[in-house]
Amino acid sequence: MATDCQATQEMLTELGGEIERLDQVAQHHLEVCPGCREVAAAEFALGRIFSEAVPPADPTIEKKVLAHLGPARIRRRFVAFLPVAASLVVALLGAVLVGGVPGGGIVAFLPGWSAQGWMAFVTSASDWGVAVAAGARATAATLDPVMLAGAGLLGFLGLVAVAATALRWRRVSPWRNDG
Amino acid sequence: MTEKTPPLTDERLVEIALDGDEEAFGLLVRRYQRRLTAFLSQLVGDLELARELSQEAFVRAWSALSRFDPRYRFSTWLFRIAHNLGIDHLRRRRLKTVSLYRTDAEGDEVEVIAPDTEKDPLGHLENHALASELRQVIDELRPEYRELVLLRHFAGLSYQEIADFKEMPLGTVKNKLFRAHSVLRDALADFL
């Protein structure tokens, strides 16, 4: 087989006999080479046979696969929840160190250690201004400024982590119009 | 006039799926399930089994998604998972049954898989004579050619993807497929 024939037929094989996709040199060769034209026609027909030989799609497979992802999904969500849980713990730790709920500092400012006292606490807790002021006064009485700053920073970082994780969960995927 | 945005690449969909979006992975399933099943059905000779193996391949891919290296193509990674599953299945089957091997005209050992009409991967072809001839010629191809033909025509991989998949020079892929096609053209001459 001449080198031109070999090269042309290799291209025809790769292109599934689509002669319009051949480069100019190969197309010129094809015009003068009946053997390569025959191969082109055969390759085109072979391509059609193979495209028909691919079995039809199974429309249920996506659903089945996604159903099998369930356990993996639970594991993944559990793992995703861990930073949230850790952040909440850190935030709570910071709040307790600062003298917030249910630390001893704020309790000292409650009307009394009784049911009425807790009712009063719930009422006052709804008012963030009162709670923060009570926490700040209790903190000032029990903690030194360095420890206070550290605890405040810890609590702040925890809240930032919670917010960041929440935003990550809310992210809307941009692919839904994709076919 | 609205501009149509190009479809997201496989690798981008993997990123989105890794962020926990299973529907992005579902889209990858839709993109590849037909080709994956076609490839596996020829590899294991059983369409029903190929569908099950495809399903398992996708689940494995999902489980290993965080280990996918985006420097490589998702398609070759996915087909490698499927290929390994298919080969594992064939090995197990050989342990349970008598192997069917024979020697071809060039003296190479080729595997013969007896077709089951109900599970026949080519059973959907209306031209039964063509299906029978195609089945035979694929089965009789030298294993090194057969695998490349399956990757090219059933998995629908490009020559470059096949070269990546087989870790083989592109020139070697071209040469082997050229030779394989020469055999196919001769064997299927009545249908071309």
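B:Pro169 is exposed, because 10 other C-beta atoms lie within 10 Å. B:Pro169 sits in the loop between helix H7 (159-166) and H8 of chain B. B:Pro169 is 10 residues from B:Tyr159 in sequence, and the two C-alpha atoms are 10.0 Å apart in space.

The model is predicted: local features need pLDDT of at least 70, side-chain atom pairs count only at pLDDT 80 or more, and totals for chains, interfaces and linings use all residues. Residues are numbered from 1 along each chain as its sequence is written, while chains are lettered from A and ligands numbered from 1 in the order in which they are written. The model scores ipTM 0.79 and pTM 0.65. Chain B averages a pLDDT (the predictor's confidence in each residue, from 0 to 100) of 85. In chain B, 85% of the residues score at least 70. Confidence in chain B is lowest in strand S1 (residues 101-103), at a mean of 58, and highest in H8(B), at 94.

Chain B has 8 helices and 2 strands. Helices (H or I, at least four residues) and strands (E, at least two) are DSSP runs, numbered from the N terminus. The order from the N terminus is α-α-α-α-β-β-α-α-α-α. Of the 192 residues in chain B, 36% are buried. Two residues are in contact if their C-beta atoms, placed from the backbone, lie within 7 Å. Among contacts in chain B with a separation of 6 or more, 61% join residues 24 or more positions apart.

The largest nonpolar core holds 62 residues. Such a core is a set of buried Ala, Val, Leu, Ile, Met, Phe, Trp, Tyr and Cys residues joined through C-beta atoms within 7 Å. B:Phe39, B:Leu40, B:Leu78, B:Ala82 and B:Leu148 touch the most other members. H2(B) gives the largest share of this core, 12 residues. Leaving aside neighbours within four places in sequence, B:Phe39 contacts B:Phe79, B:Ala82, B:Leu150, B:Phe154 and B:Ala155.

The contact between the chains takes 45 residues from chain B and 33 residues from chain A. On the side of chain B that touches chain A, H2(B) supplies the largest share, 12 residues. This side divides into 25 nonpolar, 11 polar and 9 charged residues. Ala, Val, Leu, Ile, Met, Phe, Trp, Tyr, Cys and Pro count as nonpolar, Asp, Glu, Lys and Arg as charged, and the others, Gly among them, as polar.

How values were computed:
Buried ≥ 20, exposed ≤ 12 C-beta atoms within 10 Å, placed from the backbone.
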